[in-house]
Amino acid sequence: QVRAVESGGGLVQAGGSLRLSCTVSGSTRSMNGIGWFRQAPGKERELVATVNIIGTKIYADSVKGRFTISRDNIEDTVYLQMDSLRPEDTAVYYCGAKKNPWGDYMYWGQGTQVTVSS
């Protein structure tokens, strides 16, 4: 069964940084799309950043200039570098993956908590 595994969440003060990691069982590099999503209490899950197999990246407006998604094919891992964190970034962050570039994200991780204190 293919699934994603996230790591790297934690508690940080506003203005600080965290780096999240995602690996997909089997092969991360075989996935056409890898994305980071987040869900805050009482809110819908929202897209944070995605990267496809050719390296095209998309960011939510709320994180542009602060977060960077990267895909390391040697380490077979996708990272989300989060800088200048704000309290409103507090959420459970999920990694999603898909093989079909035009399809839905099919493979998900269990999520990792990111808490930013003011």
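## Disulfide

A disulfide is counted here as a pair of cysteine sulfur atoms within 2.5 Å. The model is predicted. By that rule the count comes to one disulfide. The bond joins C22 to C95, with an S to S distance of 1.9 Å. C22 sits in strand β3 and C95 in strand β9, so the link ties together parts that are 73 residues apart in sequence.

Which hand does the disulfide of C22 and C95 have? The torsion about the S-S bond is about -70°, so the disulfide is left-handed. C22 is buried, at 0% relative accessibility. C95 is also buried, at 0% relative accessibility.

## Open sheet

Four strands form an open sheet in the order β1-β3-β8-β7. The pairing is antiparallel. Strands of a sheet pair through backbone hydrogen bonds, either parallel or antiparallel. The edge strands are β1 (4–7) and β7 (67–72), and each pairs on one side only. From one strand to the next, the twist averages 20°.

Strand β3 covers residues 18–24, and strand β8 covers residues 77–82. These two strands pair in the antiparallel sense over five bridges. Residue C22 takes part: its bridge partner in β8 is V78.

## Nonpolar core

How many residues are in the largest nonpolar core? The core holds 27 residues. The members that touch the most other members are I34, W36, V48, F67, L80, M82 and Y93. Several elements give two or more residues to this core: β3, β4 (33–39), β5 (46–52), β7, β8, β9 (91–98) and β11 (112–117).

Neighbours within four places in sequence are left aside here. V48 is then in contact with W36, F37, R38, I58, Y59, A60, V63, F67, L80 and Y93.

## T50 in strand β5

T50 lies in strand β5. Is T50 buried or exposed? T50 is buried, with a relative accessible area of 8%. Leaving aside neighbours within four places in sequence, T50 is in contact with I34, G35, T56, K57, I58, I69 and Y105.

T50 and V63 are 13 residues apart along the chain, and their C-alpha atoms are separated by 12 Å. V63 is in the contact list of V48.

Most residues other than glycine have a negative phi. The phi of D76 is about 55°, although D76 is not a glycine. D76 counts as buried, at 16% relative accessibility, because the cut-off for buried is under 20%.

S84 is found in the loop between β8 and β9. S84 has a positive phi of about 50° and is not a glycine. S84 is partly exposed, with a relative accessible area of 41%.

Conventions:
Residues are numbered from 1 along each chain as its sequence is written. This is a predicted model: local features need pLDDT of at least 70, side-chain atom pairs count only at pLDDT 80 or more; totals for chains, interfaces and linings use all residues. Side-chain values use heavy atoms; hydrogens and water are left out. Two strands pair if DSSP finds at least two bridges between them. Axes are lines fitted to C-alpha atoms, for helices over the stretch in contact, and angles run from 0 to 180 degrees between N-to-C directions. A nonpolar core is a set of buried Ala, Val, Leu, Ile, Met, Phe, Trp, Tyr and Cys residues joined through side-chain atoms within 4.5 Å. Buried means under 20% relative accessible area, exposed over 50%, partly exposed in between (1.4 Å probe, protein chains only). Contact means heavy atoms within 4.5 Å.
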